[in-house]
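Could you walk me through this structure, telling me what to select next and what I will find there? I have the model open in a viewer and would like to go stop by stop.

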Amino acid sequence: MMNTQLTLNTLLERAEKYFPKKEIISRTHAGMNRFTYAQFGKRTRSLASALEKLGVIRGDKIGTLAWNDHRHLEAYFAIPSMGAVLHTINIRLSVEHLTYIIRNAEDKILLIDKDFVPLIEQIKDNIPSVKAFVIMTDEEQLPDTTLAPVYHYEAIVSEGDENYAFPADLNENEAAGMCYTSATTGNPKGVLYTHRSIVLHSITLGLADTLAISESDIAMPVVPMFHVNAWGMPFAGVWFGTTLVLPGPSFTPKILAELIDSEGVTVTAGVPTVWLGLAQELETGKYATSSLTRVICGGSAAPLGLIRTYEEKFNIPFLHAYGMTETSPIVTVSRLKSYQQDLSNEEKLEIRAKQGLLVPGVEAKIVNENGEVKADGEDMGELLLRGPWITDSYYKEPEKTAETVKDGWLHTGDIATIDEEGFIKLVDRTKDLVKSGGEWISSVDLENALMAHEAVFEAAVVAVPHPRWQERPVAAVVLKDTYKDSVSKEDILEYLEPQFAKWWLPDDVIFMEEIPKTSVGKFLKRELREQLKDHLTSASK
């Protein structure tokens, strides 16, 4: 067989050649922008040409701090297609972590949305590898800034060569992209993605039994483009000629609902907190959502009640998926098998609330101290993964790599079960399991049950030290506005009681205005545990 290279420039070239009329719809501070793939290709090549003039060479890391918009998408293809490495930077990280990852990656140039210029000004003297700053803005004039040397994105693109030819000798095993973990503990860890891994991952996103992204879709990635490459949707979407809707800066549930309505979005992807907020907005009944054929949810486990709300109340199919920064990220998708379509609605919902079946190309095993777990949906162990888009190392971190990648398997730190049909269900992170009196309690199962309560907007359960039982679960609950002051702790516990063994029930329910979250919208349980660490000890006195 021919030994052709799987490189990202071929994805862009296919879009230019076969889908020049298809659109990229981008919301920015200036309003809605529409570009054809033909225009997008020219701008992308011009950007690569401009970066080369700024001194970028093969293997250089180029950092981006940007919203989900057309300029960020241009960087997605220009940087790796010219042989450099796209480093998407989490805009919500602390100043300390931002400094760390830019230094660790040794970024040579930063492409910065205007909104984040003040953030980078704070650390400019501590990131010596950066030789130039390019500001991405709709305005003709650059903002006043202490960054130097500084360039206007639109100016350098307008002066670039729209016929720029990408290197013909790109190798599929060269690094193309780079992301860092969100660092709930310690410093973020870097993961390099190769051209080959991204291309193979993109193919998988188009399979009918995974996300089924296709040319006919109008896709809106809500998951940030700095978060594991927006789960690969921008790469796959461009390759397949998908119409892309990019929601831009500081979007709200109202903005998302309006875009779904006005643009006829067919598929969208984000974390559970996004879909909780959107569900509240859709309750107003102001929006047409019949175009949506699936909402993809990942990042953390979606509550069964949330799935039920979308499917039964809004008639919007809800698709559960699982992955992580180290896995590019898609590992499982929860789609029913053909012969499961005849099950009752409740049985189908229970299956689809699991993380699902492995996508083709990835292998898994779930192990505990006794070896591989039984496929009975109950025996728990750590999920181990391997495959062509699963990392085998952390960037410049041999010790952390040795702790996580063993005997060719990535140890995810996720505790899971697998049933007789092969459906994987995440029970918890190893650090989030509650060990009470020697027995394990799943915080995820309790959270899912809590968020099925009609009054609960969101809920998190953490292990709190207990003088007798070692640890006990405590629930933090945010009530929907219409139920505040009308639902008590006793109401919540009474609701849970029929669903769990008595010793599983939380020792307390604490009502909060907001649960702390990570930079990508997951519950920040480390902070919650710290807040509540003395709660049961002091309560017992």
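Here is a tour that begins with the whole chain and then moves through single sites. Please keep in mind that this is a predicted model.

**Stop 1: the domains**

Colour residues 1-195 as domain 1 and residues 432-539 as domain 2, the two domains into which the protein chain is divided. The centres of domain 1 and domain 2, taken over C-alpha atoms, are 41 Å apart.

**Stop 2: an enclosed helix**

Now select residues 233-240, which make up helix H8. How many of the eight residues of H8 are buried? Eight of the eight are, so the helix is largely enclosed by the rest of the structure. Show the side chains and you can go through the buried residues by name: Met233, Pro234, Phe235, Ala236, Gly237, Val238, Trp239 and Phe240. Step just past H8 to Gly241, where phi is positive, at about 80°.

**Stop 3**

The structure holds 33 salt bridges, and the next stops visit a few of them. In general, side chains of opposite charge can pair when their charged atoms come close.

Pick Glu215 and Lys22, whose side chains form a salt bridge with an N to O distance of 2.9 Å. Glu215 sits in the loop between helix H7 (195-205) and strand S10 (218-221), and Lys22 in the loop between helix H1 (8-18) and strand S1 (23-28), so this pair ties together parts that are 193 residues apart in sequence.

**Stop 4**

Move on to Glu154 and Arg71. They form a salt bridge in which the closest N and O atoms are 2.8 Å apart. This pair links distant parts of the chain, with Glu154 in helix H6 (residues 153-159) and Arg71 in helix H3 (residues 70-81), 83 residues apart. Glu154 is partly exposed, at 22% relative accessible area, while Arg71 is buried, at 3%.

Next, select Glu172 and Arg196, which meet in a salt bridge at 3.8 Å, N to O. Glu172 lies in the loop between H6 and strand S8 (175-180), and Arg196 belongs to helix H7, so the pair ties together parts that are 24 residues apart in sequence. Glu172 counts as buried, at 12% relative accessibility, and Arg196 is partly exposed, at 31%.

Ala48 counts as buried, with 0% relative accessibility. The C-alpha atoms of Ala48 and Glu74 are separated by 9.1 Å, although the two residues are 26 apart along the chain.

**Stop 5: cis peptide bonds**

The peptide bond that joins Ala148 and Pro149 is cis, with omega about -10°. You will find Pro149 in the loop between strand S6 (132-136) and strand S7 (150-152).

Another cis peptide bond runs from Ser328 to Pro329, where omega is near 10°. Pro329 lies in the loop between strand S14 (318-323) and strand S15 (330-333).

**Stop 6: positive phi without glycine**

Stay with the backbone and go to Asn315, which has a positive phi of about 60° although it is not a glycine. Asn315 is in the loop between helix H11 (304-313) and S14. Its relative accessible area is 65%, so Asn315 is exposed.

Then go to Asp407, also not a glycine, with a positive phi of about 55°. Look for Asp407 in the loop between strand S20 (405-406) and strand S21 (409-418). With 78% relative accessibility, Asp407 counts as exposed.

**Stop 7: a charged patch**

Which residues form a negative surface patch? Select Glu490, Asp491, Glu494 and Glu497 to see it. Of these, Glu497 is found in the loop between helix H15 (489-496) and strand S27 (508-511).

Definitions and conventions. Residues are numbered from 1 along each chain as its sequence is written. This is a predicted model: local features need pLDDT of at least 70, side-chain atom pairs count only at pLDDT 80 or more; totals for chains, interfaces and linings use all residues. Side-chain values use heavy atoms; hydrogens and water are left out. Patches are made of residues with over 30% relative accessible area and no salt bridge: like charges are joined within 9 Å, nonpolar side chains (Val, Leu, Ile, Met, Phe, Trp, Tyr) within 5 Å. Accessible areas come from the Shrake-Rupley method with a 1.4 Å probe; for residues, only the protein chains shown count as cover. A salt bridge is a side-chain nitrogen of Lys or Arg within 4 Å of a carboxyl oxygen of Asp or Glu. Lys and Arg count as positive and Asp and Glu as negative; His and the chain ends are not counted. The place of a charge is taken as NZ of Lys, CZ of Arg, CG of Asp or CD of Glu. Helices (H or I, at least four residues) and strands (E, at least two) are DSSP runs, numbered from the N terminus. Domain bounds come from an automatic or database domain assignment. Buried means under 20% relative accessible area, exposed over 50%, partly exposed in between (1.4 Å probe, protein chains only).
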